[in-house]
Amino acid sequence: MDTSIKRFIENTDPSFGYNIALELTKPELFNSPLGGRQSGSEAEHRTADFLVEKMKSIGLMNVRKEGFSADIWQFNGSSLSVTVPDIELTLSPYAYATGGTSAEGITAELVCAGRGTMNDYKGLDVKDKIVLIDIDMYNDWEIAYPTLEAELHGAAAVISSSTGGYGRCSNDAYNVQNAACRLSIPSVNISVNDSAKLKKLLDEGKVEINLKVDNIVSAGGTSYNIVGEIPGNSDEIIIIGDHYDTHFWGFQDDSAGVALVLSIADALIKSGYKPEKTLLFVLHGAEEWGSIGTHYDWAIGAWNQINHVHPEWKGKALAFLNFEHPAHTILDPSYYIDSAPELFSMLKRFRKQAPDPHSLYPEGFSEIDYHISSWTDSYSYNQAGVPSTCNARGSKTFPKEQDFYLQKYHTQFDDPSTWEEDVFRYNLEYFGALVIKMDNSPFLELDFSQQAARIVKSIRTAAFDDAGVNSEALLSAAEKLKKAGARLFEQTAAANDYYLSSSELSEKQKKQIKDTAYKANKLMLDIFRDIQDSLYNLDWNDVPIVPHEQSQRNIELLAEAVARLKAGDAEYAVDRIIKKIDCHWYSLFFSREVVQYHIDQIFGKENSDRLFWGTNQIQHTADLWETVQSLKSKVNQPEADFEEELITLSQELENQKKYMAEIIPLEIENLEKICLKIQKIDTKKITER
């Protein structure tokens, strides 16, 4: 193990991190009795000031708050009380970033509306009433859909309880997930047990309640990212960061992440480490939420930091190491982290220097590579051209019933009791060592052949054939990238090994190598950015895909749906196939206006400046809401005629084939341009000894 890494590990102190995370649970650093420090709120601002002082006390240099535009969400508290005589029941819901009430609240009849779908409102009068719904935000939908459906039917407010998916640790758990909603009627969450109390009262007769929600949601606020530095000798930078805004107490999400960032900084400074690159420690605001009315309303602080506050970091930042929930076990028998594919090979090489994970993970390091998720700050940096990683946050192989995400994530039970010191210690040692490894290595080790593997894996030749597109040209271009990328990675890795292992290099030789690496790194970061711009999209579930995959998947689904309808099986076509096309899972359950709102969030002109990291990520949408409704109405009709639906689906199939035929030549062209850029990197200088 490298001497610098050994000294770093000797100076790590998990209790230092725990105390920081514990300090972040002080009542004055939250907005409500249930916790929460949201975007642009007073509690978020107080926490920003606290973190500035904490960074200074550690010894970080040039510590500052950096403001950016974000919408304000400040939930101060709420109450729900039954107004029926002789019944005393008062609850304290947790609000979403939707509406609030006046100080007097809303007094109205409570009505149970099932899962909050359009079908649940058939024959149900909810005008000016408060609806109570059950919601499973993991398997079904997030709160925006039933909230907007309730508003559409005239409801005054929505009360939900999480009856499936998340919050499984207790029936007393509150749970909130993404809002992705315009300013709408008040929408709040209560526990399953509290919902059962209300349902019991409803079973006994009419129930009137008073709902008060002190919830400020408004445009035009300011959030802050907190930055501190350990200066280096180069303008190249390595960024270590996470976010400090929270739902509830947010001990793992993400006070423990804050603690990890600052613990790495503390141990590096105490060990006397002098970096070559400048190390930036960045704590982001507005990660959980930061903008009204956009589908992409999270990671707003990270997106602003790299795109607006410090766009000059692009081309200089060699990596962004991000943390989420780093002090609880992930349950899996092997240790993994998420990363950009270009970092997979470097991370495997790093295992020889990394702390041994076997005491926590009996199978050691995972042999499977995992792509970073759009759910974290790392995606915004990665998309902007900064190769990114994020620590493991959930189980990949164990039953979901044991996973932190489904147990305590975004509940009031994410508190100090979740702390696991040995897990925090390992993440502290691993990522601190990784920082040192990347800092000591003159060359950025990016393996572009991993992108070639990703593209090859994405190709399904049957869909290409259906679209009349030859997959061989794309495969050939990917093969060229594979060879060029693998050769460059081998050369940069060997050059780093030579630089780090040779004891006979003169200062002049070291400078020559570093100068060569500096130029090569800029070129590689430029290529990395090109790949993000040209070979990445998101699907409707926010999963990163190769651009052709949306049309490819739709071609397969539409062809199967047409075949099923021709065979007279409408139920299978709509319930098993069409629901998988773009956003049409929601078309099964919600009104046209609600589904259209979701589509307009992405394609509407009025929302075009609020797409953030989702800008241009979804290229098109199939308009099938009417077809879904028509097929649903015919499922139980004997001898039903599907001619109209077959025409619509067949036409959409042709549209998708057209999209596919248009996108593949662009992918090939972009791959060829990327290969040419790789070939222009002076590998002769890299391999000179």
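Helix H15 (residues 507-534) and helix H20 (residues 643-680) pack with their axes 10 Å apart, at an angle of about 175 degrees. Helices here are DSSP runs (H or I, at least four residues), as strands are (E, at least two), numbered from the N terminus. Axes are lines fitted to C-alpha atoms, for helices over the stretch in contact, and angles run from 0 to 180 degrees between N-to-C directions. H15 is therefore roughly antiparallel to H20, a term for angles over 145 degrees. On the H15 side, the contact (heavy atoms within 4.5 Å) involves Asp 526, Ile 527, Asp 530, Ile 531 and Ser 534, and on the H20 side Asn 670, Ile 674, Lys 677 and Ile 678.

The model is predicted: local features need pLDDT of at least 70 and side-chain atom pairs count only at pLDDT 80 or more, while totals for chains, interfaces and linings use all residues. Residues are numbered from 1 along each chain as its sequence is written, and side-chain values use heavy atoms, with hydrogens and water left out.

Aromatic rings come next. A pair of aromatic rings is described by the distance of the centres and the angle of the planes. Rings of Phe, Tyr and Trp (its six-membered ring) pair if their centres lie within 6.5 Å; planes under 30 degrees apart count as stacked, over 60 as edge-to-face and the rest as tilted. The count comes to 36 aromatic pairs. One of them, formed by Tyr 166 and Tyr 409, is tilted, with 6.0 Å centre to centre and 50 degrees between the planes. Tyr 166 lies in the loop between strand E6 (157-162) and strand E7 (187-190), and Tyr 409 in the loop between helix H10 (404-407) and helix H11 (421-440), so the pair ties together parts that are 243 residues apart in sequence. Tyr 166 is buried, with a relative accessible area of 4%; buried means under 20%, exposed over 50% and partly exposed in between (1.4 Å probe, protein chains only). Tyr 409 is also buried, at 8%.

What of the cysteines? A disulfide is a covalent bond between the sulfur atoms of two cysteines. The structure holds zero disulfides, the criterion being a pair of cysteine sulfur atoms within 2.5 Å. For Cys 181, the closest cysteine sulfur, in Cys 583, is 16 Å away, too far for a bond.

Ala 299 is not a glycine, although its phi is positive, at about 60 degrees. Ala 299 is buried, at 0% relative accessible area.

Methods. Angles under 35 degrees count as roughly parallel, over 145 as roughly antiparallel, 65 to 115 as roughly perpendicular and the rest as oblique.
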